[in-house]
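Thank you all for making time this morning. I would like to take you through one structure, and I ask you to keep it in view while I talk.

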Amino acid sequence: MSSNKVTSTEVEKVVIKFAGDSGDGMQLTGTQFTGTSALLGNDLATFPDYPAEIRAPQGTVAGVSGFQVHIGGTDIHTPGDYADVLVAMNAAALKANLKWIKSSKTIIVDTDSFKKKDLQKAGWESNPLEDSTLDAYKVIKAPITSMTKEALKDLGLDAKTMARSKNMFTLGMVYWMFSRPCEHTIKFLNDKFGKKLPLVAEANIKALRAGRNYASTIEAIPNQITITGSQSLEKGTYKNVMGNAATAWGILAASAKSGRDVFLGSYPITPATEILQEIAKHKHFGAKAFQAEDEIAGIASTIGASFAGSLPVTTTSGPGLALKGEALGLAVMTELPLVVVNVQRGGPSTGLPTKTEQSDLMQALYGRNGESPVAVIAASSPADCFDYSFEASKIALEHMTPVVLLTDGYLGNGSAPWKITKMDELPDINPPIVKEGTENWEPYSRDAERLARTWALPGTPGLEHRIGGLEKDGKTGNVSYVPENHQSMTEAREAKIEKIADYLPELQVEGAQEGDLLVIGWGGTKGSMLTSVREMVGEGKSIGLAHFNYINPLQKNVKEILGRYKKIVVAELNLGQFANYLRMSFPEFEYKQYNKVQGLPFTTIELKDAFNKILNEN
């Protein structure tokens, strides 16, 4: 064993990608590295990227699973465009990700997975470890699988079981490279396996330590890299949170603030299922999670729970929202509160279940029969999924309306530091529940300010009434076919949604408050767009960013903001749905578009190129 003189380097931020076969444990490896970095105070953003098929062919590019994490001591808003370190557990992972690593940066490969059959499955014509393919990179070749087995040979495990710990061996190597301690992961392994499978816990911990020891002794890794602690985050207690979990916690917080127990009725669907799973963990808060037999039963049961007085929530993704369309119209007609969380994915049909997209906007706005308006809002980061699920619940309960909350796979599966919100920091939620003994109450009479009808809970003496999908009389709630009543009720339902704008904060602009170019985005693209605009402002460009979280209704100052700029470009992960929505809402302005539909988020590089091109056009 050679002596290795270790030096130390300090950097502000770094992008690391773990990639391997879908059975190699890359999501767990990335999550553990992320959690440890969060405990050290780093700001971060992650991007899990994995196959939709339950078991794609092993060793092929189609079966590659990846986890990218961007950590640093400065503001981090995206998981990064290109990696500084790529961990490739097999030949296919290298093939799939080689274009996503910066030139001259580090690639760690498991040489045990570059045999002839591995290269053939991955589509390599020659061995990239032996030809000139990787000349532009610093390559660390390590027989990771073999060394893992060697480290575990005394535990009495079979070869296949020992090989499963190779991800921990790799994690140990990367922990050493970036001066991360192993204690957080050791605790995780003991908690997860210690009681039921102690030998598994021991094997993984031993592999982790072996990987760290190996990295500290090889000449190929002469530097330890220290990432400076985050100085950009506000003081407070933080938790590394995934978007789907944050969505669930925002709903639970709204339940506590409103005094209404959560009822979540859903059918599991990628990438929204984790919200149902998270809510199911919190029965002690009065939450009820109902796994329905299909999407229609999920929303229909939730409407029933809404009638009964619960905070009603149903979750889904793209094709599931289509199936919920008819029942969503029923919620519009009955004017009951309802939160529909749509974690968008690539479509149409089954489409790209594990990839991200923003192409359900028109479906959320108009995907129902008849004049059927609902409120639509969108979260823009894994952490603010908490804020906007709380906000969606507040709007639904106080304005007696369905609200569609749009997140996406990138937000739902991604993670970021979340400053834990104290309950007394959240606003109260006051649903218009009719008190027992109220005289002269009419089921469809409306509050003068919000135009919302009141909520009479079943079992309250004197408040018996009927609701349903047939058109109602504007006061009594009795079925009415009077033509003028239908028009009046249709207009009233529309006006109720428009009145929500009175309760929304003004739209804010980042960067130039007026000038040459206004960049418009919505939802989960905020991180990359904010980074791009800030960098261009730093380069002296007259550019601003208006990022929308409230989509229907729009905030009141939108038109005034649009009028301040010479050019407007709308960037979104579809073919122009929000751009067309703005054209309908404000036809007096011209909108340019930048669109991407690849199942991938925007990179800051491509956004800056697009915005600079527009700025330079005559």
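I will begin with a sheet and the helices on it, and then turn to a strand pair and a surface patch.

Please bear in mind throughout that what you see is a predicted model. Six strands form an open sheet with mixed pairing, and their order across the sheet is 3-4-2-5-6-7. At its edges are strand 3, residues 43-49, and strand 7, residues 138-142, each of which pairs on one side only. If direction is ignored, neighbouring strands of this sheet are turned against each other by 15 degrees on average. Within the sheet, strand 5 (residues 83-88) and strand 6 (residues 101-110) run parallel and are joined by five bridges, with Ala 83 standing opposite Ile 101 of strand 6.

Helix 1, residues 26-39, packs on this sheet, where it touches strands 2, 3 and 4, and its direction makes about 10 degrees with that of strand 4. Helix 6, residues 166-177, lies across strands 2, 5, 6 and 7, and runs at about 140 degrees to strand 6.

Let me move on to strand 16, which pairs with strand 9 (residues 238-242) in the antiparallel sense over five bridges, and here Met 242 stands opposite Ser 415. Is strand 16 enclosed or open? Four of its five residues are buried, so strand 16 is largely enclosed by the rest of the structure.

Between strand 16 and helix 17 there is a loop, and Val 479 is located in it. Val 479 is partly exposed, at 34% relative accessible area, and together with Leu 470 and Tyr 481 it forms a nonpolar surface patch with about 330 Å² of accessible area.

Note on methods:
Residues numbered from 1 in each chain as written. Predicted model: local features only at pLDDT ≥ 70, side-chain atom pairs only at ≥ 80, totals over all residues. Heavy atoms only, no water. Patch = residues over 30% accessible without salt bridge, like charges linked within 9 Å, V, L, I, M, F, W, Y side chains within 5 Å. Areas by Shrake-Rupley, 256 points an atom, 1.4 Å probe, with all protein chains shown as cover. Salt bridge = Lys/Arg side-chain N within 4 Å of Asp/Glu carboxyl O. Helix = DSSP H or I, 4+ residues; strand = E, 2+ residues; numbered from the N terminus. Buried < 20%, exposed > 50% of the residue type's maximum accessible area, 1.4 Å probe, protein only. Pairing = 2+ DSSP bridges. Axes fitted to C-alpha atoms, helices over the stretch in contact; angles between N-to-C directions. Contact = heavy atoms within 4.5 Å.
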